[in-house]
Every structure is written in C-alpha cells, then in structure tokens.
Amino acid sequence: MHNTQMLWGDKRYYSLDYYLKKTYGQKIYRLSLNGGMTCPNRDGKLDTRGCIFCSSGGSGDFATSPLLSVTEQIEAAKEKVRTKSNAQKFIAYFQAYTNTYAPIPYLRKLFMEAIMHPDIVILSIATRPDCLDDDVIDLLCEINAIKPVWIELGLQTIHPQTAKFIRSGFTLLDFNCAVNRLHQCNIPIIVHLILGLKDETRDMMLDSVDYVSNLPISGIKLQLLHILKGTDLDTEYHNHPFPVMDLDSYANLIADCIELLPQNIVIHRITGDGPKSLLTAPLWSADKKRVLNTISKTLKERNSYQGKGGIKWQSQILSIK
C-alpha cells in the first residue's frame with residue numbers, strides 16, 4: 001500500500017497520541033502519580049542499590065508527592081496540565097518504583113481511588129515482571145473490568161549479560177511468564193526497552209525489539225539511555241567512559257526499530273527525557289523538540305514507516321524461551 005506511511009495522521013508510526021484521539025475522540029494527557037512504594041531491588045529482597053540507571057526518584061522524577069492522597073495528586077497534576085491545555089480526560093500513571101510491590105489491600109485502595117475518578121479513563125501501572133503474583137493479577141483483572149488497566153513492564157533488554165550489568169534482578173523467563181499471564185486476562189502490556197546500553201550493538205538492540213514484537217503486547221516504549229547524576233551508571237560512566245549515541249545515529253536506529261515493529265503495536269515513546277538538572281549524557285537528549293524533529297526528518301528521508309521491514313529480523317536470540 002503506497003499510503004501505508006500515512007495511516008497514522010501526520011506520523012509514520014502508530015503513536016500513542018493517535019491511538020488515544022481515535023479511541024476517545026480527544027487528546028488524553030498522562031498524570032504521573034506516586035503510590036509511595038519501593039522496589040525489591042532497593043529494599044534488600046534482591047538488592048539495595050536499584051537498577052544501575054535508576055535515579056533516587058525511581059524513574060518517577062516527574063511525579064507528584066506521595067504524601068498527597070491519590071485524588072489530591074490527580075487534582076494537582078491536572079492543574080499543571082491545564083496551564084497549557086484544556087484537557088478533560090487523563091491517564092492515571094503510577095510510575096515511580098514498582099507499583100505492584102505492596103499488600104493487596106493497599107493496592108486496591110490506591111488503584112480504586114484512581115480508577116473511580118471521573119476524569120480518569122485509563123489506569124497505567126509501571127512494575128516489574130517478578131512482582132505480579134496471582135493475587136495481584138486477580139486485582140488487576142477486577143479493575144480492568146471497570147476501566148482499562150495498562151501494565152508497563154521494564155524489560156530494557158533481552159540480553160542476559162546486559163541485564164546483569166544493569167542489575168535488573170529478573171530473567172527473561174520471568175518476563176515471558178508475566179506477559180503470558182497478563183495476556184490471558186486481556187490486560188494490555190506496554191514494554192519498555194532502553195536503546196544505547198553499554199556494550200550493546202545495533203543488532204543486539206534490534207534483537208530486543210524484534211523479540212518483544214513477537215509477543216502479545218499492545219505497546220512499546222523505546223527509551224534512549226540517558227545517564228543521570230547520582231546514579232551508579234553515572235559513576236561507571238566517569239570511571240570507565242563508554243560511548244553514548246549521537247543524535248543522527250539514534251534517529252537512524254529508531255527508524256530501524258519502527259520499520260521492524262508490526263503495525264498493530266502502539267509506540268508510546270521514541271526518546272527519553274530525564275530532568276535536565278540531573279542529565280550527564282547525552283546532552284543533546286535534553287532538547288526533546290530537536291530530537292523528535294530529527295527522527296521525523298530521518299523517517300521521511302528514508303521513506304521509513306512502521307512495519308515496512310516486512311520479513312522479521314532474523315536472530316538466534318529468538319530461540320530463547
């Protein structure tokens with residue numbers, strides 16, 4: 001089809017913004033909330049240091065204060081959004097740390113308060129594949145019957161040596177089991193991958209993208225590796241410098257990923273932006289508008305669009321079960 005690249009409005013890929021506007025008839029904004037939880041990689045169950053790239057905010061650097069109730073957090077976050085938009089409907093996004101790592105009564109109170117808010121249309125929960133036991137899945141299924149629940153899983157890479165370096169603390173088998181169980185409950189899954197991890201080649205990164213694209217997931221976040229001050233990755237970067245991607249290389253890699261991804265998978269993110277005050281490298285990533293414009297220009301110049309790749313990336317990694 002000659003117009004395949006224009007199937008998604010003004011973009012050459014199936015963006016989250018396009019999906020939400022088509023589904024809800026209006027622009028939907030995400031509100032970052034903090035459930036006041038920790039992580040098995042921080043509380044001593046697996047480790048006390050966290051993942052190597054994780055800031056002290058547990059990836060929730062843009063979230064509101066956990067000292068506020070869920071409703072208060074929603075209202076505060078809404079006010080921030082409404083300074084630049086007249087948005088009416090929102091996604092409640094529990095982002096910081098591991099948001100299913102708490103007793104069921106606590107999770108039920110938290111998630112129910114969010115889902116029952118009249119302005120919330122979707123509950124999005126970021127968590128780890130190894131923090132989804134049967135009781136948690138049952139609760140998520142129950143809430144998913146009220147309003148849509150999305151589960152965001154931070155896989156980052158399929159490669160065991162990289163996973164060990166970043167101290168993820170779970171296996172690819174843990175991830176596969178979580179995906180299968182969530183899929184059986186018809187809960188949409190969004191997978192996070194980090195592009196540019198130390199010692200990973202372009203082919204290794206594409207292997208990770210291809211691997212998850214063959215699973216029953218509904219969305220993907222492609223996150224540029226950014227090194228934040230105060231993290232163990234920042235220490236590693238200064239003590240044992242390693243190359244980070246330049247903007248043109250990243251734009252071409254994103255184009256490769258987009259061509260590889262099936263057209264039914266929603267692309268939630270194609271870059272990453274940590275707080276500028278904490279950013280060590282790559283500094284060009286702080287200019288999000290420039291990054292997105294460069295990616296858009298690259299896609300156009302290459303005549304790239306989602307699913308163009310056709311035949312799947314061939315990889316020995318796909319034999320992993």
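Is W150 buried or exposed? I looked up its relative accessibility, found 6%, and so W150 counts as buried. My cut-offs: buried is under 20% relative accessible area, exposed is over 50%, and partly exposed lies in between, with a 1.4 Å probe and protein chains only.

**Ground rules.** I am working on a predicted model, where local features need pLDDT of at least 70, side-chain atom pairs count only at pLDDT 80 or more, and totals for chains, interfaces and linings use all residues. Residues are numbered from 1 along each chain as its sequence is written, and side-chain values use heavy atoms, with hydrogens and water left out.

**Aromatic pairs.** I searched the whole structure and got six aromatic pairs. One of them is Y14 with Y18: centres 6.2 Å apart, planes at 75 degrees, so I logged the pair as edge-to-face. I used the rings of Phe, Tyr and Trp (its six-membered ring); they pair if their centres lie within 6.5 Å, and planes under 30 degrees apart are stacked, over 60 edge-to-face, the rest tilted. Y14 is buried at 18% relative accessibility. Y18 is partly exposed at 21%.

Next I checked Y19 and W150. This pair is tilted, with 6.3 Å centre to centre and 55 degrees between the planes. Y19 lies in helix 1 (residues 16-24) and W150 in strand 4 (residues 149-156), so the pair ties together parts 131 residues apart in sequence. Helices (H or I, at least four residues) and strands (E, at least two) are DSSP runs, numbered from the N terminus. Y19 is partly exposed, at 24%. I noted that ring pairs link Y14, Y18, Y19 and W150 into a cluster.

What is the strand order of the open sheet? I read 1-2-3-4-5-6-8, seven strands with parallel pairing. Two strands pair if DSSP finds at least two bridges between them. Strand 1 (29-33) and strand 8 (266-269) stand at the edges with a single partner strand each, so one side of each has no neighbour in the sheet. Neighbouring strands are turned by 25 degrees against each other on average, direction ignored. I fitted axes as lines to C-alpha atoms, for helices over the stretch in contact; angles run from 0 to 180 degrees between N-to-C directions.

I then took strand 5 (residues 189-195) and strand 6 (residues 219-224). They pair in the parallel sense over six bridges. V191 stands opposite I220 in strand 6.

**Helix on sheet.** Helix 2 (residues 70-81) lies across strand 1, strand 2 and strand 3, at about 135 degrees to strand 1. Contact here means heavy atoms within 4.5 Å.
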